[in-house]
Amino acid sequence: MTQNPDPNPNPSQVLDDLLSSEQHQQQPESLSSPGRVLSIDTRVEQAWAHWKKLGRPKYIVAPMVDNSELPFRLLCQKYGAQAAYTPMLHSRVFTETEKYRNQEFTTCKEDRPLFVQFCANDPDTLLEAAKRVQPYCDYVDINLGCPQRIAKRGNYGAFLMDNLPLVKSLVEKLAQNLTVPVSCKIRIFPNLQDTLNYAKMLEEAGCSLLAVHGRTRNEKDGKKFRADWGAIKEVREALTIPVLANGNVRCVEDGRPYIRETGVEGVLSAETLLENPAAFAGFRTAAWAKEEGYVDGGLDQGDLVVEYLKLCEKQPVPWRMIRSHVHKMLGDWFRVHPQVREEFNAQNILTFEFLYGLVDQLKELGGRVPLYKKRKIDTPQESPQRV
């Protein structure tokens with residue numbers, strides 16, 4: 001399902017109004033196969049077999065609205081990401097609007113393993129949307145973690161934590177009627193036991209993989225609230241399906257102890273990758289490279305922007321996504337040269353020529369902002385033993 005989106009999409013505010021509108025009650029398409037209910041042991045066995053077949057990826061691009069689209073996923077994949085989520089897709093709008101489908105979901109054969117994430121509050125509508133994408137992905141994921149105001153208005157994401165029977169019905173509907181596994185991404189409750197009960201319910205309903213964001217619904221600021229690794233570890237120990245962790249991953253070196261201490265299969269990163277898509281390859285921005293042993297890695301965000309733009313030329317996406325990524329990746333440069341940022345912001349219509357020129361302009365102005373990497377320590381080779 002590689003699509004060529006409209007190069008002049010509607011403004012994101014119009015889309016926000018669509019996403020927050022009430023769900024319509026719709027009848028599902030006739031199913032190509034009857035619903036099936038497997039024993040918990042069989043489901044767990046199949047969950048692990050599927051995960052192992054994918055290579056048990058450890059470093060994963062988290063779902064980000066407007067920001068984890070195909071070109072960005074491919075860029076992160078080049079620099080160490082081993083799997084990725086799509087941006088959150090609205091199940092009702094996805095089923096009703098061809099333009100939305102064509103703009104918001106694109107993929108290609110290199111774009112695997114892939115989680116396609118939907119928000120929903122109606123099982124039949126969710127199934128209809130999921131059936132459209134299941135040939136092109138490795139998991140259909142249900143967004144149960146979005147804490148934003150628009151999710152509250154639309155009654156989806158983390159606000160479904162107030163209606164667990166509905167959540168259960170969403171998972172069961174997909175698990176019994178899709179040919180690909182169902183995954184879920186959640187936030188934790190303030191009370192640990194509530195979180196454990198929630199996770200167990202999802203597993204029993206047919207969830208094959210659970211990603212746990214270690215913050216509550218009210219803890220939206222990742223800089224202010226640290227993710228609770230202890231809660232994630234408790235969830236992992238309580239379940240028998242694969243578990244992933246989200247939160248506190250600023251660099252690849254954060255991921256390793258995270259996996260070791262919690263026992264999860266892998267970690268998701270979001271905000272860090274937006275600024276530095278090469279984070280999983282060991283590159284750090286200056287803010288996170290203050291430890292001894294980090295040196296200029298020969299790469300900077302300007303280089304990454306150029307790579308990203310080339311991918312966008314091959315795999316077109318809405319300009320609002322491109323604008324957002326350029327802002328985030330060039331943020332440090334814009335702080336040094338605010339006049340260039342103002343010129344960028346003044347452009348109502350973007351072109352690739354303008355954006356390539358923007359990077360050239362920053363480099364000509366000097367003040368390069370490199371990414372840093374840990375210095376390799378040469379180990380002397382042992383001399384061959386004499387016989």
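Reader: Why does Asp300 count as buried?

Author: Buried means under 20% relative accessible area, exposed over 50%, and partly exposed in between, with a 1.4 Å probe and protein chains only. Asp300 has 2% relative accessibility, so Asp300 counts as buried. Before we go on, this is a predicted model, where local features need pLDDT of at least 70, side-chain atom pairs count only at pLDDT 80 or more, and totals for chains, interfaces and linings use all residues. Residues are numbered from 1 along each chain as its sequence is written, and side-chain values use heavy atoms, with hydrogens and water left out.

Reader: Where does Asp300 lie, and which residues does Asp300 touch?

Author: Asp300 lies in strand E10, residues 294-300. Helices (H or I, at least four residues) and strands (E, at least two) are DSSP runs, numbered from the N terminus. Not counting residues up to four places away in sequence, Asp300 touches Trp333, Lys363, Arg368, Val369, Pro370 and Leu371; contact here means heavy atoms within 4.5 Å.

Reader: What lies 2.9 Å from a polar atom of the side chain of Asp300?

Author: That is the backbone nitrogen of Gly302.

Reader: What makes Cys251 buried or exposed?

Author: Its relative accessible area is 4%, and that value falls under the 20% limit, so Cys251 is buried. Cys251 lies in the loop between strand E8 (243-246) and helix H11 (252-262). Leaving out residues up to four places away in sequence, Cys251 touches Thr272 and Arg284. Cys251 and Asn276 are 25 residues apart in sequence, and their C-alpha atoms are 9.3 Å apart in space.

Reader: Which residues of H11 are buried, and what do they pack against?

Author: The buried residues of H11 are Val252, Asp254, Gly255, Pro257, Tyr258, Ile259 and Thr262. They pack against strand E1 (59-61), H10, E8 and strand E9 (266-269). After H11 comes Gly263, with a positive phi near 80°.

Reader: Why are H8 and H9 called roughly parallel?

Author: Angles under 35 degrees count as roughly parallel, over 145 as roughly antiparallel, 65 to 115 as roughly perpendicular and the rest as oblique. The axes of helix H8 (residues 164-175) and H9 cross at roughly 30° and come within 8 Å. H8 and H9 are therefore roughly parallel to each other. On the H8 side, the contact is made by Leu164, Val167, Lys168, Val171, Glu172 and Ala175, and on the H9 side by Tyr198, Met201, Leu202 and Ala205.

Reader: What makes H9 oblique to H10?

Author: Helix H9 (residues 192-205) and helix H10 (residues 229-238) pack at an angle of about 40°, with their axes 10 Å apart. Axes are lines fitted to C-alpha atoms, for helices over the stretch in contact, and angles run from 0 to 180 degrees between N-to-C directions. An angle of about 40° belongs to the rest in that list of ranges, and that makes H9 oblique to H10.

Reader: Which residues meet there?

Author: Leu192, Thr195, Leu196, Ala199 and Lys200 in H9 meet Ala231, Glu234, Val235 and Ala238 in H10. By class, this contact of H9 with H10 has 6 nonpolar, 1 polar and 2 charged residues. Ala, Val, Leu, Ile, Met, Phe, Trp, Tyr, Cys and Pro count as nonpolar, Asp, Glu, Lys and Arg as charged, and the others, Gly among them, as polar.

Reader: How many helices and strands has the protein chain?

Author: The protein chain has 17 helices and 11 strands. Buried residues make up 56% of its 387 residues.

Key: A polar contact is a pair of N or O atoms within 3.5 Å; within protein, one must be able to donate a hydrogen and the other to accept it, and residues adjacent in sequence count only if both atoms are side-chain atoms.
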